[in-house]
Amino acid sequence: MSAAHPFVERLDALSLDRPHGFVRKVAQGHFEATGPACLVGDICEVDANASHESILTQVAGVDDGRLILVPLRQNRAVPLGARVVPISRNASAPVGHRFAGRAVDGMGQPFDGRREIIASAMSPIDGTVPGPLDRGASSRVMATGLKAIDGLLTLAEGQRIGIFAASGVGKTSLVEQLALQASCDRCIVCLVGERGREVEAIWRALSAGPKPDRYTMIAATSDESAALRARSVNQALCLAEYWRDQGEHVVLIVDSITRMAMALREIGLAAGEPPTVRAYTPNVFSALPRIVERCGATRSGGAITAIMTVLSETDDVDDPIVEIMKSLLDGHIVLSRTLAERGHFPAIDVSRSISRQAARLMAAEHAGAARDAVALLGIYEESRVMIESGVYKSGSNAEIDRAIAMRAKLMAFLQQPQDQPSDFSATVAAMTALMRRPTA
């Protein structure tokens, strides 16, 4: 039997009638459609009205004979019977060097008032997780310019760190300070569910710096759809992976991972997933580990250092997103309301914070001074009630006496104005000198 002519093969492969379905139910935040055949994550176009104005939706669930679609844009009416057409399979995100120095939304579309961006490539939206043996343990310090972090909680390139805080303790200011001061080739700031005023203020600060092309912002404000808020983190990760694969060190700041979890919860509930602890759906707990594992250093030389803020409902860090992120990350920085109310900024509670990479990055004298400083602050906190109530008498305990004597100096060292970064070597030298015990 002879082979078919190539022209006939192309005709056989050509789809002259695009598969489609129809909207059969409209609910708050999602639609149900009769088709077409899609996979979760695919993008579909829905005809919104008689003038053929359309909206983009993302497939959140696939059931027998129906699709669950969540809109990527808000405030668009969709009538029953509207036509649904797939436009993108294996959802992807635009990436490339032209995103440097730009502010874009979760779809990669610019909102900074400048020209459209022509992507160099399209990357799978779910990205790739490096294999365990493809990872590298970077021995290079990532200087942040913050004495509390560089001195006591030293970070490595490719480390995944969380900033845990309730509202009103200086989290946004700390994020902005880290973005401006962190040593890296690229810095990607992803703002999820943030206020529009905060987005504008942070972008103005980043673009006014000496190296505006070092920064890329991805933002989905609180009024955007749950699908766009969740997608913005994946868009940021795709850009970070693009530059990491070219051997660059990328700092990725996500503010906040909690609001992304809330967006995923909205999508999960719309898709009919069962609510679990605090109504979070299973898709949340499967997505978070992948987001964290997409970051890190690789043997090829590139690295993504992830700094993810995690909101706690109270100052007691006890909600499920906080707990799962603490177990996934390489360390956590806890912000204290007590310190913030005393005017101590950055309000980092170093005795409750940890960097799991610090020990192998610090020189012996630096490590000893850091351990001593944290121990003294912890001793003071344990004895605070006795000290401040007057029950404790000087001379009763040598360590408590030293903690009392050193506390004011340590707290002064750890405070730092937002516009005064500290050189890493100067920070280490100042701290080791401060903690050096006088010789007899």
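Modeller: Let's begin with helices and strands: they are DSSP runs, helices being H or I over at least four residues and strands being E over at least two, and both are numbered from the N terminus. By that rule the protein chain has 13 helices and 17 strands. This is a predicted model with residues numbered from 1 along each chain as its sequence is written, and local features need pLDDT of at least 70, side-chain atom pairs count only at pLDDT 80 or more, while totals for chains, interfaces and linings use all residues. Side-chain values use heavy atoms, with hydrogens and water left out.

Colleague: What makes you call the bond between F345 and P346 cis?

Modeller: The omega angle there is about -5°. P346 sits in the loop between α9 (337–341) and β17 (354–355). There's also a cis peptide bond from G35 to P36, with omega about 5°. That proline is in the loop between β2 (30–33) and β3 (43–47).

Colleague: Why is R278 called partly exposed?

Modeller: The scale uses relative accessible area: buried is under 20%, exposed is over 50%, and partly exposed is in between, with a 1.4 Å probe and protein chains only. R278 has 38%, so it lands in the middle class. A279, at 31%, therefore counts as partly exposed as well.

Colleague: And how do you know which class T305 belongs to?

Modeller: T305 has a relative accessible area of 1%, so it is buried. Its place is in strand β15.

Colleague: What does T305 touch?

Modeller: Contact means heavy atoms within 4.5 Å. Not counting residues up to four places away in sequence, T305 touches M142, A156, E157, G158, Q159, H249, V250, V251 and L252.

Colleague: What makes the T305 and H249 pair a polar contact?

Modeller: The rule asks for a pair of N or O atoms within 3.5 Å; within protein, one must be able to donate a hydrogen and the other to accept it, and residues adjacent in sequence count only if both atoms are side-chain atoms. The two side chains come to 2.8 Å, and the pair counts as a polar contact.

Colleague: Which residues of α8 are buried?

Modeller: In helix α8 (residues 320–328) they are P320, I321, V322, I324 and M325. Their cover includes β10 (160–165), α6, α7 and β15 (303–311). At the start of α8, a side-chain oxygen of D319 reaches to within 3.1 Å of the backbone nitrogen of I321.

Colleague: Where do the domain bounds come from?

Modeller: They come from an automatic or database domain assignment. It divides the protein chain into domain 1 (16–90), domain 2 (93–360) and domain 3 (365–435).

Colleague: How much area do domain 1 and domain 2 bury between them?

Modeller: Buried area is the accessible area (1.4 Å probe) that two parts lose on being put together, summed over both. Here that comes to about 1,000 Å², 59% of it on carbon and sulfur atoms. In domain 1, L72, R73 and Q74 lose the most area to domain 2, together 47% of what that side buries.

Colleague: How many salt bridges are there between domain 1 and domain 2?

Modeller: A salt bridge needs a side-chain nitrogen of Lys or Arg within 4 Å of a carboxyl oxygen of Asp or Glu. The count between domain 1 and domain 2 is zero. Two residue pairs are in polar contact across that interface, both at pLDDT 80 or more.
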